[in-house]
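Hello,

Please find the structure below. My notes on what was found in it follow directly.

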Amino acid sequence: MRRRININSDWRFTGPSKQTERIQIPHTWNGLDGQDGGNDYWRGTCLYEKEFQIREPVGPEERIYLEFRAVSASARIKVNGTEVCAHQGGYSVFRADITGVLKDRNLLQVEVDNGVNRQVYPQMADFTFYGGIYRDVNLIIVDREHFELDHLGGDGIKITPVLSQDMEKAEVQIQLFTDSTQEIRVFLYDREGTVVGEGRGKDMVIPISHPHLWNGLSDPYLYTAKAVLLDGDRELDQVESRFGIRSFFVDPEKGFFLNGRSYPLRGIARHQDWKGIGTAITRKEMRRDMELIREIGANTIRLSHYQHDSYFYDLCDEAGMVVWAEVPYISSHMPEGRENICSQMKELIIQNYNHPSIVCWGISNEITISTKDHKDMMDNHRQLNELCHTMDPTRLTTLACYAMCSPFDSVVHKVSDLVSYNLYLGWYVPGLFLNDLFMDLFHRIWPKRCLGYSEYGAEGMPNLHSSRPRRGDHTEEYQAVYHEYMLKCIDRHPFLWATHVWNMFDFAADSRDQGGEPGMNHKGLVTFDRSVKKDSFYLYKAWWSKEPFVHLCGRRYRNRAEQETEIKVYSNQPTVSLYQNGRLIETQQGDRVFRFRITLERENQIRAVSGTWEDEMTLIRTEHADPSYRLNKRKGRKSQNWV
């Protein structure tokens, strides 16, 4: 039977300094210099080495595969001096059969390169391209006759549930990939482990009556399919995968529908890196990310701008998140990279096909920023779009345009089934009202195109504050003002098929120098280390979550020089009372955002109460404004965006 042996421990790493050190996988060499600004993080080739033995019995009819869950960005793999495989693309699974080169004691060498080139995406984007073996490494032992392990990192099983129009029946199409001619049996299990269907062969359709639907946040129900390869009564191999049964469609006037009912997609975008860790995160960090996303009540995630860890797609399935999955075809088209981006798209689809959370494949992001060869770029877009539909006719395609993709004359936004825009109107340019104008204008020009907002946001530093927040000041308060407008704007345009806040978390972009902390994009609702939930986090929680709460804004704006100040409360409760030093100031009825005016005393204990829910903070009235709350713009140096 198939066995998986993790070999993350005890590696030797020879990095940029040419010194060799002992490390554990996951690992990146850019966890610090890729986050400190200057656009000077080290990019090049490093060497990982590991000595290993196969310590358990391996039969003469068994094969041994080496599996990498992701290596960024290119890798050449040698075992005992023999090159066993090479891979280009930093975000997907790849494997090699190493049976023929193994000895009693083995040396594994991995050359990893994240250097600049014109063949492997991404090469230009607003995030750090970390180098390293940053996801798990495994050995897989299987019988000579086994389910496919050699094709684009897939697991050898493809599951396509088809739901009847009345949703009373489902036909689960199962395809198994193997060269074996032995018997194959397939079993479908419900959540409780009861067999609800079975079949035989490589291709089959198994009916399920009265299926329990995967129904988003309210009921993300999952089935399991298990396929067994048999030689008589002897099991040669086994593979299983969870799946969900659901239907969806998008209407240009009414937005997204899940299982026949309107289901507006309102959520966030996520980058995978953490402060001081980079991309070398574990399941612990991934679970924390999902906890925070669930807390605000989001129902969709744009997993940008590349293939994420398979475990995170699992978490999305379990949580009921609707997912936009995409490849790193971003910012600049490279004619020499067409083969690579098509390969990355194939891997994304093959490796993630069975996830019910995924409803669309993203083919590009802001590709026209610096592209010169528009003819080749458009041809590449059409190729990717057709590739997605050929490999997966059950899902839609989408892409993210940016401001310069004019709805009047740009052809890019017409390629995919759906389109979304990355627009920062009210942040990079003045005028929050321009968001309403754009949505209305696009919808009027293209009434049959399904429009979404794939990125919108504003920088917010939890150490910068103002009672008169303005665009560009990077304060926590302006970020909140921006999002207050955007949430109401989105509500005014129910035809939007999906909206994704940029970003759920601050993330590293080493070419940036903004907000007084170089190397970072601070548009997150949560800080890079996940320790601070900015006020905007609670605004979204008030809009989307059903969990009762009250939140006092401005707790980090502790020292205030004004005599009167505004106290703002975010809550999903209908009534909020505000207390100052134990005295009731006012009780308000409202809708999510409550504003109170108070006269500051020397020290102020502020308490917001709604039923059994409350929040507290302390404010101090000072003689002078606290200079640490203002962005210190260095003389002669402008704030540096990424391009």
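How many nonpolar, polar and charged residues does the lining of the second largest pocket have, by class? The lining has 9 nonpolar, 8 polar and 18 charged residues. Here Ala, Val, Leu, Ile, Met, Phe, Trp, Tyr, Cys and Pro count as nonpolar, Asp, Glu, Lys and Arg as charged, and the others, Gly among them, as polar.

First, the ground rules. This is a predicted model, with local features taken only at pLDDT of at least 70 and side-chain atom pairs only at pLDDT 80 or more, while totals for chains, interfaces and linings use all residues. Numbering runs from 1 along each chain as its sequence is written, and side-chain values use heavy atoms, with hydrogens and water left out.

**Overall**

The protein chain has 7 helices and 40 strands. Both are DSSP runs, numbered from the N terminus: helices are H or I with at least four residues, strands are E with at least two. The radius of gyration is 26 Å, close to the 26 Å of the globule rule for 643 residues, so the chain is as compact as a globular protein of that length. That radius is taken over C-alpha atoms, and the rule is 2.2 Å times the number of residues to the power 0.38. The C-alpha trace spans about 85 × 65 × 55 Å along its principal axes.

Of the 643 residues, 60% are buried. Buried means under 20% relative accessible area, exposed over 50%, and partly exposed in between (1.4 Å probe, protein chains only). Among contacts between residues at least 6 apart in sequence, 68% join residues at least 24 apart. A contact means heavy atoms within 4.5 Å.

One pair shows such a separation in sequence. Asp126 and Asp510 are 384 residues apart in sequence, and their C-alpha atoms are 8.4 Å apart in space. Asp126 sits in the loop between β9 (106-113) and β10 (137-143). Asp126 is buried, at 12% relative accessible area.

**Pockets**

A word on terms. The search uses a 1 Å grid over the protein atoms alone; a pocket is an open set of points with protein on both sides within 12 Å along at least five of seven lines, and lining residues have an atom within 4 Å of a point. Grid points are joined across faces, edges and corners, and a volume is the space filled by probe spheres (1.4 Å) set on the points.

The largest pocket holds about 1300 Å³. Its lining counts 46 residues, with Arg69, Asp155, Glu240, Ser310 and Gln351 nearest the centre. Elements giving two or more residues to this lining are β1 (3-6), β11 (157-163), β19 (234-243), α1 (283-295), α2 (310-319) and α3 (338-352). β19 supplies the largest share, 5 residues. By class, the lining of the largest pocket has 14 nonpolar, 16 polar and 16 charged residues.

The second largest pocket has a volume of about 910 Å³. It is lined by 35 residues, and nearest its centre lie His465, Ser466, Ser467, Arg468 and Pro469. Two or more lining residues come from each of α6 (476-491), β34 (559-560), β35 (564-571) and β38 (593-599). α6 gives the most, with 5 residues.

**Strand pairing around β36**

Two strands pair if DSSP finds at least two bridges between them. β36 (575-580) runs antiparallel to β37 (583-589), joined by 6 bridges. Leu578 stands opposite Glu586 in β37. The hairpin of β36 and β37 has 2 residues between the strands, and Asn581 there takes a positive phi near 50 degrees. β36 also pairs with β39 (603-610), antiparallel, over 4 bridges. Gln580 has Ile606 of β39 as its bridge partner.

**Backbone geometry to check by eye**

Most residues other than glycine have a negative phi, and most peptide bonds are trans. The following depart from that.

- Ser72 to Ala73 is a cis peptide bond, with omega near 5 degrees. Ala73 is in the loop between β5 (62-68) and β6 (74-79).
- Trp502 and Asn503 are joined by a cis peptide bond, with omega about 10 degrees. Asn503 is in the loop between β30 (498-501) and β31 (507-514).
- Asp10 has a positive phi of about 60 degrees. Asp10 lies in the loop between β1 and β2 (11-14) and is partly exposed, at 41%.
- Met167 has a positive phi of about 65 degrees. Met167 lies in the loop between β11 and β12 (169-176) and is partly exposed, at 24%.

Best regards
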